[in-house]
Each structure stands twice: as C-alpha cells, then as structure tokens.
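Thanks for coming. Please have a look at it before I start.

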Amino acid sequence: MSHPSSFKEMWSTLQDLVNQRLTAALDPSTDCPPILKEAMSYSLSAGGKRLRPILVLLSCEACGGILESAIPAACAIEMVHTYSLIHDDLPAMDDDALRRGMPTSHIKFGEANAILAGDALLTRAFELLAKEIEVKSIAAECCVDLSNAAGAVGMVGGQVADLESEHLTEATLEQLEAIHRRKTGRLICSALTMGARIGGANPDMLRNLEKYGTCIGLAFQITDDLLDLTGDEEKMGKGVRKDAEHGKLTYPSLIGVEESRQRAQNLIEEACLSIAPLGSHGQRLEELAHFILERDH
C-alpha cells in the first residue's frame, strides 16, 4: 500500500470535486420554490465522507474510463443517499435531531419540507443519469442499477426490514446480513457497477467489482454498528449509542464486538481478493477498503 497521506490527499481532492459538482448539479430552474431549493442544498452540502460518489469515480478509473464521464452518476448516487438520510432522520423513522453535526432537515425546515426535499433529490438523481451520461444505453443501465439498489428490493426494503427487526427476541446473523445487504450494501454496490459500466468494464470485471462492492458494503455497516457503540459523538457528528436504546439489531449485539471486528476484517480481505485481477489499477480501491476498516467516523 502507498503512503497513507497520498490516499488521504487523493480522497480530499475527489471530495472537493464531488462537492463542487454537486452544487452545480443541484441547480433546478427558477420555477423551484426557494425554500425547497434551500432545503435540498442544506442537506446535500452538509459535508460527509462522499464515499459513494468517490467509489463511482474510482471504479470508473479502475476500468480505464475517464473520471469526468462518471461525475453525473457520482452526483446522482449522493443525492439518493442524502434523500435517504433526510427521511431516516424523520420522527416517524429514527427521530434524529443531529446529522453531520448540524440540525437535521426536519428540525430546520419542518417535516413537510424535509420529506419534499428528499423526494426532489431522489427524482433529480435519475434526471441527471438519464440526461448527463453521454452513452444512452449506459445511462439506462445506470438508472436500472441505482433504482434497483435504492428501491423495494434494496435500500427501502432494507429499511422496512430494519424497522421490523427492532425488539426481535430471536434474530439470526442471516436476518441481520439480509437487512444490511439491502439497506447499505446494495447502494454501495451500485456505485461500483455504475462506475464500471461508464468505464467500459467487461462482464468479468463488472462481476469482480460487484463482489468487491458487496463485501465493502457489509464491512461498512459493521464498522458503523461498532462506531455507534464505541465512537466519539463529536467526530461522528451525530448521536451515538442510539442503536441499543432503540433495541436495534446490530452486529455487536448479535455476535459481540470482537467477532464483529474479525468479520469486517475478513470481508475487507475478500473485497481486495476480488479485485486482484485489476492489478495496479485496483490500488486505490484496495486502499479505500482498508480505510473503511480503520475509519473513526
């Protein structure tokens, strides 16, 4: 692995690029009510790791594609992610007052505007994919990837299963993994497949990147669960130790802290193994997998 600072520099450069382009991608017409535009912009520009858009860009690059061509997909996936956070924070769901160290959307703009800002971000994401990706057959494939990952068999379905799992007396690891494969994993996985498609990946490469995405998606969720238990609220920018209060099904509550750490480690190794055929082209993705394991927020 290369020196960590060079990975951090690369990460920070891509973060800046994504933030810049997200602001431009948001710009709806003057017909958009100012309060709606403000609410959309507030949550979208509230910071965050930008993991999903960066995965789109790195996946495209690893397949020999031009980074610039993957920007619309990178912006689209972050809009879908942000919409899901706005809706997750609502009183009917997780009822959170803080997100990324700032008041959540419904606290700042009211529940109705928060719901509508989420809706608007979700729909804008697909407009971007369809309109801005130059090769229209790839644009259509990306729309399928993202909608499938975000919808009833993906993130939304996972959220429903997650809500149903609260206060379950008997739960299995299979149930937990099924929830997270949909709730977190599928969206992360679609970042890799969209980037790969735009980068011109062949079917084998696409499958390898999909496997990588599945593994890091689950590892990401495990570290999330661990951070909720052991993390620092200031670094996290949101309330911690809430999972236990909500009676949520988590990896540590089910298999313990040590085994959760080991499981995340194994998944990261599996992820790196799956992109080994990329050789040096997969270096950034390998570094990113290790970053997921070592993150503290």
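**Salt bridges and helix packing**

I start with E177, which is found in helix α9, residues 173–198. Keep in mind that this is a predicted model.

Is E177 buried or exposed? Its relative accessible area is 10%, and the cut-off for buried is under 20%, so E177 is buried. What does E177 touch, once residues up to four places away in sequence are set aside? The contacts are L218, Y251 and R263.

One of those contacts is also a charged pair. The side chains of R263 and E177 form a salt bridge, with 3.2 Å from N to O. R263 lies in helix α14, residues 257–274, and E177 in helix α9, so this pair ties together parts that are 86 residues apart in sequence. The two partners fall into separate classes of accessibility: R263 is partly exposed at 29%, while E177, at 10%, counts as buried.

On the general point, side chains of opposite charge can pair when their charged atoms come close.

How many salt bridges does a search of the whole structure find? The count is twelve. I will take a few of them.

The next one joins E68 and R21, whose side chains meet at 2.8 Å, N to O. What about accessibility here? E68 is partly exposed at 43% relative accessibility, and R21 is partly exposed as well, with a relative accessible area of 28%.

Then there is a local pair. E287 and R284 make a salt bridge through their side chains, at 3.4 Å from N to O. How far apart are E287 and R284 in helix α15? They are three residues apart in that helix, residues 283–294, which means a separation of about one helical turn. E287 is buried, with a relative accessible area of 2%, whereas R284 is partly exposed at 30%.

Some salt bridges share partners. Bridges of that kind join E141, D145 and R197 into one network.

Helix α10, residues 203–230, packs with α14 at an angle of about 160°, and their axes are 8 Å apart. Are α10 and α14 roughly parallel or antiparallel? Angles over 145 degrees count as roughly antiparallel, so that is the arrangement of α10 and α14. The crossing in which α10 passes α14 is left-handed.

Which residues make the contact? From α10 they include N208, K211, Y212, C215, I216 and L218, and from α14 they include V257, S260, R261, R263, A264 and L267. Two names on that list have come up already: L218 and R263 are both among the contacts of E177. By class, the residues in the contact of α10 with α14 are 13 nonpolar, four polar and four charged.

Helix α2 covers residues 34–44 and helix α6 covers residues 111–132; they pack at an angle of about 75°, with axes 9 Å apart. The two helices are therefore roughly perpendicular to each other. On the α2 side the contact has I35, L36, A39, M40 and L44, and these meet N113, L116, A117, A120 and L121 in α6. How many charged residues does the contact of α2 with α6 have? It has no charged residues; nine are nonpolar and one is polar.

K37 is also placed in helix α2. Its relative accessible area is 32%, so K37 is partly exposed. From K37 to A117 the C-alpha separation is 7.7 Å, and the two are 80 residues apart in sequence.

For comparison, here is another pair 80 residues apart along the chain: V160 and V80, whose C-alpha atoms are separated by 17 Å. V160 is found in helix α8, residues 155–165. With a relative accessible area of 43%, V160 is partly exposed.

That is the end of my part, and I will take questions now.

How values were computed:
Residues numbered from 1 in each chain as written. Predicted model: local features only at pLDDT ≥ 70, side-chain atom pairs only at ≥ 80, totals over all residues. Heavy atoms only, no water. Helix = DSSP H or I, 4+ residues; strand = E, 2+ residues; numbered from the N terminus. Buried < 20%, exposed > 50% of the residue type's maximum accessible area, 1.4 Å probe, protein only. Contact = heavy atoms within 4.5 Å. Salt bridge = Lys/Arg side-chain N within 4 Å of Asp/Glu carboxyl O. Axes fitted to C-alpha atoms, helices over the stretch in contact; angles between N-to-C directions. Parallel < 35°, antiparallel > 145°, perpendicular 65-115°, else oblique. Left-handed = near helix turned anticlockwise from the far one by under 90°. Nonpolar A, V, L, I, M, F, W, Y, C, P; charged D, E, K, R; others polar.
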